[in-house]
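Subject: Handing over the structure

Dear colleague,

Please find the structure below, together with the notes I made while going through it. I would be glad if you could read them with the coordinates open beside you.

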Amino acid sequence: FEDDVEVSPHWYTWLQIMYGAYGNRSDVAGIALQRQWLVPSLERRGVNKVPMNRHRPFLYKMVASIGFAPLAGPWKQFVEFANCAIETNTSVATPSLITSGWYEKIKNKASMWTQLFIYFCTHNDHLYTLYLTPKKQRTLAAHWKERGEHHSGKSKGRDFRLAREEDILFEAPAVLNRFDWGADLVSAEGAAAHGNVDHPTEGLSLCRRT
């Protein structure tokens, strides 16, 4: 965790349950403690919101920028790609997503690993991040946004209140709803099938060293 992230007392219990249930699925890139708020699709921003999904776990294309627990297989492939992309100045532009513009404005590209991961997931369309939106606008990991590389000025406090035990669903449904970059639903039936199929993940094939 970054030093301005605060976690719910129940984060580890929930994470263990999720890893036990979904850690071998080929469509899960990682598991998020963050309460995601961003809809990155420029076309769908202002139209859709990140789903509540009845406070049940769900899959979303957008990666978590805090409290992200990656699965080892996809993460290894990503790190290989990211190192190559930074070394070779490979473009990781995703023009249809707002994050691409943010990335272009920063000088230290390595400081925004999330855009590299977003690009990685656009070329590995089967990969999603698993989220939970706890009840009562609470979260498993709160961000204080302290002054630093990504934030200026004084912190306004937690972005969301920390989840209590009664706010969290500690269950792992067999079928997960999947949502795309615009927070539009992809069929749940597809999610069930997707998780049981071995999908090869591209890493270094997305980047070439001369």
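Helices (H or I, at least four residues) and strands (E, at least two) are taken here as DSSP runs, numbered from the N terminus. This is a predicted model, in which local features need pLDDT of at least 70 and side-chain atom pairs count only at pLDDT 80 or more, while totals for chains, interfaces and linings use all residues. Residues are numbered from 1 along each chain as its sequence is written, and side-chain values use heavy atoms, with hydrogens and water left out.

The chain has five helices and ten strands. Of its 210 residues, 49% are buried, where buried means under 20% relative accessible area, exposed over 50%, and partly exposed in between (1.4 Å probe, protein chains only). When contacts (heavy atoms within 4.5 Å) between residues at least 6 apart in sequence are considered, 78% of them join residues at least 24 apart.

Six strands form an open sheet with mixed pairing, in the order 4-2-5-3-9-10; two strands are said to pair if DSSP finds at least two bridges between them. Strand 4 and strand 10 (185-186) are at the edges and have a single partner strand each, so one side of each is left without a neighbour in the sheet. Strand 2 runs parallel to strand 5, with three bridges between them, and antiparallel to strand 4, again with three bridges. Strand 2 is mostly covered, with five of its five residues buried. Further along, strand 3 (residues 58-60) pairs with strand 9 (residues 178-179) in the parallel sense over two bridges, and leucine 59 has arginine 178 of strand 9 as its bridge partner.

Helix 1

In helix 1, the buried residues are Trp14, Leu15, Met18 and Tyr22. Seen down the helix axis, they fall within an arc of 100 degrees (taken from the directions from the axis to the C-beta atoms), so they line one face of helix 1. These buried residues pack against strand 2 (28-32), strand 4 (68-70) and strand 5 (128-131).

The disulfide

A search of the whole structure finds one disulfide, meaning a pair of cysteine sulfur atoms within 2.5 Å. It joins cysteine 84 to cysteine 207, with an S to S distance of 2.1 Å. The pair links distant parts of the chain, 123 residues apart, with cysteine 84 in helix 2 (residues 72-88) and cysteine 207 in the segment after helix 5 (188-195). The torsion about their S-S bond is about -80 degrees, so the disulfide is left-handed. Both cysteine 84 and cysteine 207 are buried.

Two backbone angles to look at

Most residues other than glycine have a negative phi. Arginine 54, in the loop between strand 2 and strand 3, has a positive phi of about 55 degrees although it is not a glycine, and at 68% relative accessibility it counts as exposed. Glutamine 137, in the loop between strand 5 and strand 6 (138-139), also has a positive phi of about 55 degrees without being a glycine, and at 45% relative accessibility it counts as partly exposed.

With best wishes
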